[in-house]
Amino acid sequence: MKSGIFVRLFGDLTPAGLVALFGLVAMLILLPFVFSGYIMTVAIMVFYLAFVGQAWNLMLGFAGLLSLGHALFVGLGAYTAGYLFAKQGVPPVIGVFAGIAVAVAMGSAIGYLGFRFSIGGVYFALLTIAFAEFTRIIVDHVKFLGGTEGLFLPVTQESRRGADLINMRGSPEMFYFVILALSFAALIFCRWLLSGRIGYYWRAVRDNPEAAAAVGVDLFRYRMYAVMISAGMSAIAGVFYAFFYNNLFPEQVFGIERSIEATLAPIVGGVGTLFGPIFGAFILTPLGELLTSLVEWLQHNNIIDKRVKVDGVKLLFWSIAVASIVLLQPRGLWPFICRILRLTKKIEGKR
Amino acid sequence: MNAETLVNALFAGLLTGLIYGLSALGLSVIFGVIRIVNFAHGELMVVGMYMALLLFRWWGIDPLISVLIGGAILFLVGYALQAVVISRVAHLPDHMQFLLLAAIAIGIVSACLIVFGPDAQGVSADLPYSLDSFQLGLLIIDKPRLYAAAAAIVVATALLLFFKYSPVGRAIRACADNYLGARVVGLNVSRLYALTFGVGAACIGAAGCIILLIVDVHPYLAPAYTLIAFVVVIVGGMGSLYGALLGGILIGVSEAAAAILFDPSLKTAFSFALLILVLLLRPQGLLGRAVR
């Protein structure tokens, strides 16, 4: 069955596509041996964004469920594993499962509320925002999680070196390899889901729920699966976030900006495509960084007022990017690239 | 804490709730007719607040008079937004339209941040009647809050009368009830949609000017107001205009109750709890019709 699984996962790629994929992976593995410092930080941000985007895309792109509160799942994963590590000394290899469990439980609660009463489309999106905001305000008041003062993970100069994977303490290179592995695992996992029964059911539910229900697809069950899997993946991203940044504040972790951040890469790359989130993250993060340096340079030379916040400019850029994608290329950039380079036999994202 | 404090707080919440109701009316009108969920709602409201602030600072115009100017300007903004941008994405799935509006919303917030900075600014201490109040038995009512609520009632009534009696308002209702039928009898639906978005935005702008009497403005208010308006509309019932007003009052009162009985920072959590409760027990909202 070995060739079977290979065909199932990579069968859609043309030879050019296969070469491109494995070439890319090889290049990315070699990256830390060539670059260090700032480039590595940017690369980590790229794959973090790609991984969260993949999780979010699973819900909207595969099952047609719009979530605008994904910070909730990311935050629950981050806070659960972070609390267990900082306050109880439980290592993240165990903590991550607790984080996943909490996020999946919350996802099931939201899904149950939403799907039981057929709260579809944008109402469901509002429900996810409401839950994220509700949780943010509650965590603000929870003493043992640090409240508004924040939760800090212990970190020392020594712990910033080496690679202690059990406690997720180590150098930026370790974090890079972890998030790179997670992103590609997510890519292959999603491909595996999509090429199986659940993937076909999801797309049926997404494209025409009435017809799917008529041929016997259990809408409730498959929508629940999508929310639960996506919540679990987001929780893993949250654990990574917690151990990479080492400090958690409710405003930052559960804030609506973070939910929007999760949507950016797949929207730009192409909602519903497998490689779109990665491609989108590759474009957005460096552009955002370039923009930051540009604004700082302009301020340094007194061309723009110093009081102008870099974050404000960055948000403005993101809003323009998303608006132009929706208006000009609503399927995202990846299907377009894919068609030009002939990387897949079918055009990804084509409905 | 005694009963007097509680009654006063709840009454103040009721007055604030009327303004929430007016703002939610704008959201409800746009959704009810065009079927667009205006995610840039709070942002438009904050734009209204800044306009009233500037008009007061430059020429000393009372925000209650700015309601007319702010409403008119936001009418034009809303009209243009629908005619130029949103009509172009009408064929896309719901979530893409939603994302476009979310992008517009973030754009407005960051533009406000760049122009006005993150600090709260207001007129609430500079008006001639700022610190005055009426006393009515046990009740002590701040003048600005009372005037603001009265203005909200006036604007909301005008809007309801417009939809009930004016020819344009009736044509708009026709579009909402039966899109195809409206086209068949020769209504210019795309123009009516633009008008609707304009009227909704004017309503939101008016609510923004009014609320400046009691709240200081800063850019991050925008997402908070968007969420409040959504909660109000879902609690009251999407598409029901009276539901929006009722929802506004309920949220205003529950926020006030949460602030005085528990902790002011928990008031939003209370609104969300109410939202979840309504979704559990009556998903179409208190005054909404069940939709399939």
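In chain B, helix 1 packs residues B:Y20, B:S23, B:A24, B:L27 and B:S28 against B:Y225, B:I228, B:A229, B:F230, B:V232 and B:V233 of helix 9 (contact: heavy atoms within 4.5 Å; helices: DSSP runs of H or I, at least four residues, numbered from the N terminus). This contact comprises 9 nonpolar, 2 polar and no charged residues (nonpolar: Ala, Val, Leu, Ile, Met, Phe, Trp, Tyr, Cys and Pro; charged: Asp, Glu, Lys and Arg; polar: the others, Gly among them). The axes of helix 1 (residues 3-34) and helix 9 of chain B come within 9 Å and cross at roughly 80° (axes: lines fitted to C-alpha atoms over the stretch in contact; angles: 0 to 180 degrees between N-to-C directions). The two helices of chain B, helix 1 and helix 9, are therefore roughly perpendicular (65 to 115 degrees).

The model is predicted; local features need pLDDT of at least 70, side-chain atom pairs count only at pLDDT 80 or more, and totals for chains, interfaces and linings use all residues. Residues are numbered from 1 along each chain as written, chains are lettered from A and ligands numbered from 1 in written order, and side-chain values use heavy atoms, without hydrogens or water.

Chain B contributes 38 residues to its contact with chain A, and chain A contributes 35. Together they bury about 3,500 Å², 86% of it on carbon and sulfur atoms (accessible area, 1.4 Å probe, lost on being put together and summed over both parts). On the chain B side, helix 4 (94-116), helix 9 (221-236) and helix 11 (267-281) each give two or more residues. Helix 4 of chain B gives the most, with 12 residues. By class, this side has 29 nonpolar, 5 polar and 4 charged residues.

Between chain B and chain A, 0 salt bridges are found (Lys or Arg side-chain nitrogen within 4 Å of an Asp or Glu carboxyl oxygen). The whole structure holds 6 salt bridges over all chains. One pairs A:E133 with A:R136, the closest N and O atoms being 2.9 Å apart. Both residues, A:E133 and A:R136, lie in helix 6 (residues 121-140) of chain A, 3 residues apart, about one turn of the helix.

How values were computed:
Buried area is the accessible area (1.4 Å probe) that two parts lose on being put together, summed over both. Angles under 35 degrees count as roughly parallel, over 145 as roughly antiparallel, 65 to 115 as roughly perpendicular and the rest as oblique.
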